[in-house]
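Hi everyone, thanks for coming. Let me put the sequence and the structure up on the screen, and then we can walk through them together.

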Amino acid sequence: MSAAADRAAAAGAGGVRLDPVTGENIDALLEVAVRPDQDHFVGSVAKSLAEAYAHGPVAWPRAIVATRPAGGTTAGPPRQPGEEVVGFVMAFLDVEWDDDPADVRSGLWRLNVDAAHQGRGHGAAAVRAVCAELRSRGCSAAYVTYHEGPGSPAPFYAGLGFVPTGELSEGETVARLDLTQDAAAPGAASPGAGDA
């Protein structure tokens, strides 16, 4: 998908847009840090970018870019006047689940919303934009995995419509969102780890 198509796919998604990772936004992305109590739930942006490089075409890394409010401060240089990188999201595309060629899945691999920008809906908007991208690629479902426990992002994903499948992947709960339903169906979510 072209950069213009990427921007169009994410336009209007809760005031954020997903941009490809470039030389222009890499420094701002590397400054993204979740709250300290969320560190054990989500890998760093640097680790995610290394994984994206290592896994090539199955990784879809993007900068979460939002309009900077009047009088707001930035966490790193803005991408364009009035805009700033507020987080990072990475999808996985067409992965053989548990090495089963008959079970190919796509979904959300990583979500990091900078601590200074959480609670504004950026994470939920980014997840919806990833789901729109997956839908445009013909995916009928989106998957996510997460750790359970105090501060877990489970309520955040449940609020977006993800339903646990009963599976575990590397000790994490697997949840699924049906993408064949109306694109506007997932409602507002309560903030969780690494969100919003």
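Let me start with a question: which residue lies over the face of tyrosine 143? It is arginine 105, at 4.4 Å from the ring centre. For a charge to sit over a ring, NZ of Lys or CZ of Arg has to be within 6 Å of the ring centre and within 35 degrees of the ring normal.

A word on what you are looking at. This is a predicted model, where local features need pLDDT of at least 70 and side-chain atom pairs count only at pLDDT 80 or more, while totals for chains, interfaces and linings use all residues. Residues are numbered from 1 along each chain as its sequence is written, and side-chain values use heavy atoms, with hydrogens and water left out.

Now the overall picture. The protein has 5 helices and 7 strands; these are DSSP runs, H or I of at least four residues for helices and E of at least two for strands, numbered from the N terminus. Read from the N terminus, their order is α-β-α-α-β-β-β-α-β-α-β-β. Of the 196 residues, 46% are buried. Here, buried means under 20% relative accessible area, exposed means over 50%, and partly exposed is in between, with a 1.4 Å probe and protein chains only. Among contacts (heavy atoms within 4.5 Å) with a separation of 6 or more, 69% are between residues 24 or more positions apart.

Let's move to helix α4, residues 122–136. Its 15 residues reach 21 Å from the first C-alpha to the last, close to the 21 Å expected; that expected span is 1.5 Å times one less than the number of residues. In α4, 11 of the 15 residues are buried, including His122, Cys131 and Glu133. Just after α4 comes glycine 138, with a positive phi of about 90°.

Next, the strands. Which strands pair with β7? Strand β5, residues 141–146, pairs with β7 in the antiparallel sense over 6 bridges, and β6, residues 163–169, is joined to β7 by 4 bridges, also antiparallel. Pairing here asks for at least two DSSP bridges between the strands. Have a look at alanine 175 in β7: it is the bridge partner of valine 144 and also of proline 164. Strand β7 itself, residues 172–178, has 5 of its 7 residues buried. β6 and β7 form a hairpin with 2 residues between them, and glutamate 170 in the turn has a positive phi of about 50°.

On to the aromatic rings. There are 5 aromatic pairs in the structure, a pair being rings of Phe, Tyr or Trp (its six-membered ring) with centres within 6.5 Å; planes under 30 degrees apart are stacked, over 60 edge-to-face, and the rest tilted. Phenylalanine 156 and tyrosine 157 have ring centres 4.9 Å apart and planes at 65°, so this pair is edge-to-face. Both of these residues are buried.

Finally, two aspartates. Aspartate 94, in strand β3 (residues 83–96), has a positive phi near 50°. Aspartate 99, in the loop between β3 and β4, has a positive phi of about 55°. Are they buried or exposed? Aspartate 94 is exposed, at 54% relative accessible area, and aspartate 99 is exposed at 69%.
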